[in-house]
Amino acid sequence: MTTLRIAWLFARRSAFDRATVLLPVIAFAVSSLLLLVVAGGAQAFFSWNDGDAFVYQALAVIALALLVVPLIGLGGSAARLSARRRDDRLSGLRLLGASPAMVAALTVIESSALAVAGAVVGVALYLPVAPLVGLIPFRGDPLGAGAVLHPGAVALAVVGVAVLSAVSAGLGLRSVVVSPLGVRTRQSAPRMHWVRAAVAAVVIVATYLVMSTLQLFEGALMVLTVFGIGFGGTIAVLNLVGPWALRMVASGQARRATTARRLLAARAVLESPKAAWRQVSGVAMTSFMAVFAGVGVGILGIAGDGGDGQARTLLADIRTGVVVTVIVSFLMVACSAGVNQAAAVLDRRDLYVSLDRIGMPVREMDAARRRAVMSPLRVTTIGSALTAAIVVLPLAGLSLLVAPLTLLMVAGCLAAGVLLVWAALRATRPVLTHVLAETAPSL
């Protein structure tokens, strides 16, 4: 009962800081909506059982691997939004004598409540969107009711989002439970071990080798499993190695910094490499996806409009699939960028207020904030695209990867992703000015 009363007290206090509650709800709502839409489309593909069904199901597995893993990652990021605010409160409770079990329970209650609220909003948005998804044509006909998920599957998705949120929040509790005083005083930055890079390298090499010997696997189910595990696993390790790579780059930038904005930007990344990665991970996933979309466009360019009716239908469906995948990916990037940029300002509220009080202009703080995002963005886009090229090389070949249409599609997707992040930075500048105005001393 004490835990529930404290949780209710925290919820009442959150009413005075609506942004820190609203941001995770928005992120969960968008990720739930997109997850339901993607799952519904895949369900329609797997309801087919004729001779051509395997080709479409293989393409669906690739699309699922390219989208579902990043969407789950977006949900995990939503659970950790405004983490500093939550960690400060929980570490304060630990210093006052609260048990680790109480701290864990408060975290699960708060994160699960926000996740369920966001998932419910996502379901409400999905209800009018689902019929529109059914209008998307494949094989000459709309997907129809096959793209609408059963209510039981929708309810299961809501439960899954809540569980994901609880697990993600619980994983971030270790520092609060072990060293609450260190959390309060910001004594140590999180360490990123080189083992992350080693694991990522092993997974990428293993995926390349498996894709090179794909013809040795027998049975449609085995091939689909290889596609799903290979592509999904590679995307997952990008989330593992990304923070480590950003930390290594930021360490060098901090040593070479010659201006205040460069030093602030590098220190912002070093303060929390995971948070820095969350701000650019959406574009990293889009960069990975762009290579596959580019290959698809390259195939269409080589094939042209020739062939029989069945071949033309398949090419048209590939074009439709590429467009849908790109749209969903950009929606994910837009949500991830906007929500994470706003959360980053709120998490660093004390820093910005302190800089304002010692006389740093707002434009310098905003410039440092932009650099802290755009600099890691260059690393993630290039690294993700190269990783995707390695994975897809055995399937597409070098000539298709460097085809003009492929490169044009990749460049277009990367430019659009970077532009979305830049727009999110510009759009969240009022959050910074609001934080400074809200805490300005009265005269």
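This is a predicted model: local features need pLDDT of at least 70, side-chain atom pairs count only at pLDDT 80 or more; totals for chains, interfaces and linings use all residues.
Is Glu271 buried, exposed or partly exposed, and what is its relative accessible area? Glu271 is partly exposed, with a relative accessible area of 28%; the classes are buried under 20%, exposed over 50% and partly exposed in between, computed with a 1.4 Å probe on protein chains only.

Residues are numbered from 1 along each chain as its sequence is written, and side-chain values use heavy atoms, with hydrogens and water left out.

**First stop: Glu271 and Arg348**

Glu271 belongs to helix α11 (residues 260–271), whereas Arg348 lies in the loop between α13 (309–347) and α14 (349–357), so the pair ties together parts that are 77 residues apart in sequence. Helices (H or I, at least four residues) and strands (E, at least two) are DSSP runs, numbered from the N terminus. Arg348 is buried, at a relative accessible area of 9%. The structure holds five salt bridges.

**Second stop: Asp366 in helix α15**

Select Asp366, which is buried with a relative accessible area of 2%. Its side chain meets that of Arg369 in a salt bridge of 3.0 Å, N to O. Asp366 and Arg369 are three residues apart in helix α15 (residues 362–396), and about one helical turn separates them. Both of these residues are buried.

The closest N and O atoms of the salt bridge between Asp366 and Arg370 are 2.8 Å apart. Arg370 is partly exposed, at a relative accessible area of 28%.

Select Phe45, Trp48 and Phe138, which ring pairs link into a cluster. Rings of Phe, Tyr and Trp (its six-membered ring) pair if their centres lie within 6.5 Å; planes under 30 degrees apart count as stacked, over 60 as edge-to-face and the rest as tilted. By this rule there are two aromatic pairs. The ring centres of Phe45 and Trp48 are 5.1 Å apart and the planes meet at 20 degrees, so this pair is stacked. Phe45 and Phe138 are edge-to-face, with 4.9 Å centre to centre and 80 degrees between the planes. This second pair links distant parts of the chain, with Phe45 in helix α2 (residues 18–45) and Phe138 in strand β1 (residues 137–138), 93 residues apart. Both Phe45 and Phe138 are buried.

Technical notes
A salt bridge is a side-chain nitrogen of Lys or Arg within 4 Å of a carboxyl oxygen of Asp or Glu.
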